[in-house]
Amino acid sequence: MKYLVYINIITLLFTVEAKLYGHYVINWYVAEEPPISYTRNDSIVGYGIDIIKRIQAKLPEYKHDIVMAGNYARLTNEVMYRPLSIGVGLFKTEKRKRFMSFTNLPLFYFYNIQVATKKSTFNALGKPDHISLKKILNDKRRIGISKGRTYSKNIRNIFKENKNSNIYKGSQGNVSESLLSMLVQDRLEYILLYPEETEYISKKVDLREDIITIPIEETEDISFSWLAVHKDKAGKLLVRKINSILEEIQDESYPNYYLKWISKNNHKSYREKFRKFRTDFDDRFLEKEQKTDEEDPLN
């Protein structure tokens with residue numbers, strides 16, 4: 001009981017704070033995850049920020065603040081308890097659904113972990129659309145992974161089945177940069193990274209070697225993450241407005257935000273997958289909408 005009273009008091013304080021000089025303020029919480037959102041020269045930038053600002057421009061009735069939460073744990077906690085707050089790029093979980101209203105359409109459509117290699121290796125392989133992780137391990141090719149990263153269940157199972165393979169596990173700071181450096185120096189033939197992560201680091205450290213990422217044959221290609229709004233009456237109204245905006249802006253040009261950050265061999269496939277998802281998006285994907293004639297709680 002005391003816990004519920006405490007939560008209600010905190011919620012009331014945050015609600016008062018959310019209204020500033022007659023305008024309701026939306027706090028958009030982002031994680032430090034380049035190139036989606038990251039801090040550069042005391043500013044928060046990234047292709048995800050570009051999308052957020054486009055959405056904000058269509059919500060002029062609110063004031064907007066973009067807040068760097070640092071990590072997704074803090075981001076989630078802020079949105080759970082702070083009215084008129086939005087978490088950017090969250091996966092749906094049952095716990096989060098109890099406290100947050102998720103948008104119908106995802107905000108981000110992104111490739112899962114891929115195999116990164118030098119362009120010369122990619123060409124020698126015949127420029128494949130996909131590559132088998134099992135074959136790489138069975139052939140004892142030199143592959144680098146991050147010891148501290150949690151990989152998908154499929155990838156973990158493949159590693160378990162091939163414990164004696166030629167696997168290098170990096171654990172030092174800036175492990176992704178280190179793995180890329182070892183790849184360029186021919187100390188590794190392959191590494192596992194996200195495509196956009198590979199491109200970002202390559203530009204950051206000014207790699208002169210072209211690096212290509214290839215989808216893994218044994219895993220799903222595409223994943224999604226959503227905008228999640230604090231769940232209360234005002235939040236439900238806000239998420240409906242954002243749903244309409246996402247429907248409007250996710251046209252044929254929407255993939256361009258992401259395409260700038262992946263190697264060109266993935267461009268055609270990504271466009272096709274995005275187009276198919278948008279075409280197939282129907283009532284099976286939609287959560288039950290609130291009544292459209294509900295009174296606006298902010299007026």
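A pocket here is an open set of points on a 1 Å grid, with protein on both sides within 12 Å along at least five of seven lines. The model is a predicted one.

The largest pocket comes first. Its lining consists of 35 residues, and Glu33, Ile113, Arg149, Tyr194 and Glu197 are those nearest its centre. By type, the lining residues are 15 nonpolar, 12 polar and 8 charged. Several elements supply at least two lining residues each, among them strand 6 (85-90), strand 8 (108-111), helix 7 (153-161) and strand 14 (222-230). Helix 9 makes the biggest contribution to this lining, with 5 residues. Because domain 1 (23-108 + 222-288) and domain 2 (112-212) both give residues to the lining, the largest pocket lies between them.

The second largest pocket is lined by 20 residues, and nearest its centre are Asp210, Ile211, Ile212, Ser263 and Lys264. This lining divides into 6 nonpolar, 6 polar and 8 charged residues. Helix 5 (119-124), helix 9 and strand 13 (211-214) each supply at least two residues. Helix 9 has the largest share of this lining, 4 residues. At least three lining residues come from each of domain 1 and domain 2.

Two single residues can now be placed. Is Asn266 buried or exposed? Asn266 sits in the loop between helix 11 (256-259) and helix 12 (267-280). Its relative accessible area is 2%, and the cut-off for buried is under 20%, so Asn266 is buried. Apart from neighbours within four places in sequence, Asn266 contacts Tyr111, Gln114, Thr213 and Pro215.

Ser85 belongs to strand 6. With a relative accessibility of 0%, Ser85 is likewise counted as buried. Which residues does Ser85 contact, leaving aside its neighbours within four places in sequence? They are Asn27, Tyr29, Glu78, Val79, Ala228, Val229 and His230. For one of these contacts, Tyr29, the separation from Ser85 is 56 residues in sequence, while the C-alpha to C-alpha distance is 7.3 Å.

Technical notes. Residues numbered from 1 in each chain as written. Predicted model: local features only at pLDDT ≥ 70, side-chain atom pairs only at ≥ 80, totals over all residues. Heavy atoms only, no water. 1 Å grid on protein atoms, 1.4 Å probe; cavity = no way out; pocket = protein on both sides within 12 Å on 5 of 7 lines; lining within 4 Å. Nonpolar A, V, L, I, M, F, W, Y, C, P; charged D, E, K, R; others polar. Domains from an automatic or database assignment. Buried < 20%, exposed > 50% of the residue type's maximum accessible area, 1.4 Å probe, protein only. Contact = heavy atoms within 4.5 Å.
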